[in-house]
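Have a look at it, then read on.

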Amino acid sequence: MSIDKFITLTSPAVPLPIENVDTDQIIPARFLKAVERKGFGDNLFRDWRYDKNNQPVKDFVLNQSTYTGNILVAGKNFGSGSSREHAAWAIYDAGFKVVVSSFFADIFKGNALNNGLLPVQVSEAFLEKIFAVVEEDPTARFNVDLTSQEFTILKTGETSSFEINPYKKECLLNGYDDIDYLVACRDEIRSFELSRN
Amino acid sequence: MEATTLFDKVWDSHVVKKIVGGPSVLYIDRHFIHEVTSPVAFVGLEKRGLKVFHPELTIATPDHNIPTIEQNLPIRDELSRNQVNKLTSNCEKHGITLYGLNHKWAGIVHVIGPELGLTQPGMTIVCGDSHTSTHGAFGALAFGIGTSEVEMVLASQCVLQPKPKKLRITVNGKLRPGVISKDIALYIISQISASGGTGYFIEFAGSAITALSMEARMTLCNMSIECGSRGGIIAPDQKTFDYIKGREFAPQGEAWDKALAYWKTLKTDDGAVFDLEYTFDANAIDPMITYGTNPGMGMSINANIPTGEDMKGSDKITFEKSLAYMGFKAGEKLEGKTIDYVFVGSCTNGRIEDLRLFTEFVKGKQKAENVTAWIVPGSKQVEKQAEEEGLTAILNAAGFQFRQPGCSACLAMNDDKVPAGKYAVSTSNRNFEGRQGPSARTMLASPLVAAAAAITGKITDPRDLM
């Protein structure tokens, strides 16, 4: 098995200038009752996207046709709270390949990487620039290049480099999967077990 | 020898190998699974044609979506029933021990692990649930994982993890009356923010921490994830050993002596270096309550909500959005505000000591008429003990009833939902928007603050009634 490869992407961005977006907002607990991984994108940001009568909330960014693209840009501390991987699944299933923020919660970051969703961490100042560019022109495009680890605001030419663990980078560039890797390590794991006793 | 931290000792002894420039292959001693975050992992395993590598090291129990009444009947909600059935069939197929809904050892996964003696010092413990950090109270290295990682553990008994940085939080001094470990947790998070621990693993130390009971330590480590950290750990001591001894899965005889000798080595050496340190004074902590929509938005129960005047940019947007959701005004007091619901339970505060504190407080008093109270024991064993100790009778006399064990209104996956717009004082761990039901308004607090609110029907400083 494998994850989808990620090498480079050019796209407009969808802005969500809210901090501490927790995974309960990304996908509320009542939508976690599936036993298979499918359809989670429909309930992405469910309670911000739909009102109590299940009508779309006009002001919410995912309901505005002005904003399109595969890049979600959010305020700091994105993905805090519950470890539910359904949050990463929902974002990916809704068509996003990249999430940009100035700060990611640890478990979310790991879950995203395990599913081919690239978390791009930039400085708070750079994040504000991205929000400003999108606000001025919702069609403005951005480039994400994993090989060079650079995020570029094409409109201004400003670039920010981002960090990624070299191992995880290889996984994403090649579509490798951690579970295959670990299964291939089973003999080493058995030796480790013997060495402990 | 170089001085090392408790965290390093446990982590390093579980590294099977380190990938150059990458994470470590970390061996897992104990894996807990529940019905919500495990089914997709089993689907993945089967697609790969793999068997569970060590079925005997995984323990399962349903807790997240189950009803807290009529547990003897089939679960009415079809999706919940399906998940619980799936957990059962996956365990049967793969030879995993399951403590099912009516088993005498069933309960919230982070309550049953310690009470069965499955949680021991020096272990690595994971579960597809962020509050796995609870087990750190025993000097175990315990943290929450995602479903892909659940599949990793099932497939290889290992996870791939980058090593977190180390943060020590020292709390010295003596807690004042009416202040308990939940208040320490909410106080720390309010001081360092809901993201202040991100990237770190916390060791809690200091005289106020060692003075805590095991259950109080569990509450603190449970909440360590709420400041963003991967987990919290406390060095095991005599209290830890006494708690474990004689429990169902505790080592016995020679194995006990051997384990104990090892456990006694599990502490941070003098001079060991942390990446970050904070020190707090226990005496400065009041009973706490949250006013906003993340656990970092907490304050002393008799304080005023911040004015927000010094905030700007997305900080201000977030603060205002949060208060608008809660229906509160910047700068106002919470004390005296009418509430609608009280929830006592969860992996944070659903243990026997929490129920004792609550019961002792409400003994001889009466529940306020405007309050709906849900008192949910953390496990079947807690439920039984509460009955045997006479807590049930005292609670009933005061107008309260126990429900049956489960995660319940902490995340409202079952029917225990706080209605839209209603205010709940909750002993659980998260006050996120919609956490306890769509548009529900949660204020996190200790069992004592919850008890005071349940009696007066208002936000009340418990010290006023003690």
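Predicted model: local features only at pLDDT ≥ 70, side-chain atom pairs only at ≥ 80, totals over all residues.

Let's begin with chain A, where seven strands make an open sheet in the order S4-S3-S2-S1-S5-S6-S7, with mixed pairing. At the edges sit S4 and strand S7 (158-161) of chain A, each pairing on one side only. On average, neighbouring strands of this sheet are turned by 30° against each other, direction ignored.

Strand S6 (residues 150-153) of chain A and S7(A) run antiparallel and are joined by four bridges. To pick out one residue pair there, A:Ile153 has A:Glu158 in S7(A) as its bridge partner. As a bit of background, strands of a sheet pair through backbone hydrogen bonds, either parallel or antiparallel.

## A parallel sheet in chain B

Chain B has an open sheet of five strands, and here the pairing is parallel, with the order S5-S4-S3-S6-S7. Its edge strands are strand S5 (97-98) and strand S7 (141-144) of chain B, which each pair on one side only. Helix H5 (residues 147-156) of chain B packs on this sheet and touches strand S3 (30-33), S4 and strand S6 (124-127) of chain B. The direction of H5(B) makes about 130° with that of S3(B).

B:Ala60 has B:Leu98 in S5(B) as its bridge partner.

## A covered helix and a covered strand

After H16(B) comes B:Gly457, which has a positive phi, near 80°.

Strand S18 (residues 441-444) of chain B is covered on both faces. B:Arg441 and B:Met443 are buried on one side, and B:Thr442 and B:Leu444 are buried on the other. S18(B) pairs with S17(B) in the parallel sense over four bridges, and B:Leu444 in S18(B) is the bridge partner of B:Ser426.

## Two asparagines in chain A

A:Asn70 sits in the loop between helix H2 (46-49) and strand S2 (71-74) of chain A. Its relative accessible area is 27%, so A:Asn70 counts as partly exposed. Which residues does A:Asn70 contact, leaving aside its neighbours within four places in sequence? They are A:Leu9, A:Ser11, A:Pro12, A:Gly95, A:Phe96, A:Lys97 and A:Val98.

A:Asn111 is part of helix H4 of chain A. Its relative accessibility is 2%, so A:Asn111 counts as buried. Neighbours within four places in sequence aside, A:Asn111 is in contact with A:Ser83, A:Arg84, A:Glu85, A:Ala88, B:Gly146 and B:Glu149.

## The largest pocket

Which residues lie nearest the centre of the largest pocket? They are A:Asp106, A:Lys109, A:Leu113, A:Asn165 and B:Pro162, out of 31 lining residues. This pocket has a volume of about 860 Å³.

Helix H4 (106-113) and strand S4 (118-121) of chain A, along with H5 and strand S8 (158-161) of chain B, each supply at least two lining residues. H4(A) gives the most, with five. By type, the lining divides into 13 nonpolar, nine polar and nine charged residues.

How many cavities of 30 Å³ or more does a search of the whole structure find? The search finds six. The largest cavity holds about 210 Å³ of space. It is lined by 23 residues, and the closest to its centre are B:His64, B:Asp129, B:His131, B:Leu411 and B:Arg435. The lining of the largest cavity divides into seven nonpolar, eleven polar and five charged residues.

Technical notes
Residues numbered from 1 in each chain as written. Chains lettered and ligands numbered in written order. Heavy atoms only, no water. Pairing = 2+ DSSP bridges. Contact = heavy atoms within 4.5 Å. Axes fitted to C-alpha atoms, helices over the stretch in contact; angles between N-to-C directions. 1 Å grid on protein atoms, 1.4 Å probe; cavity = no way out; pocket = protein on both sides within 12 Å on 5 of 7 lines; lining within 4 Å. Points joined across faces, edges and corners; volume = space filled by probe spheres on them. Nonpolar A, V, L, I, M, F, W, Y, C, P; charged D, E, K, R; others polar. Buried < 20%, exposed > 50% of the residue type's maximum accessible area, 1.4 Å probe, protein only.
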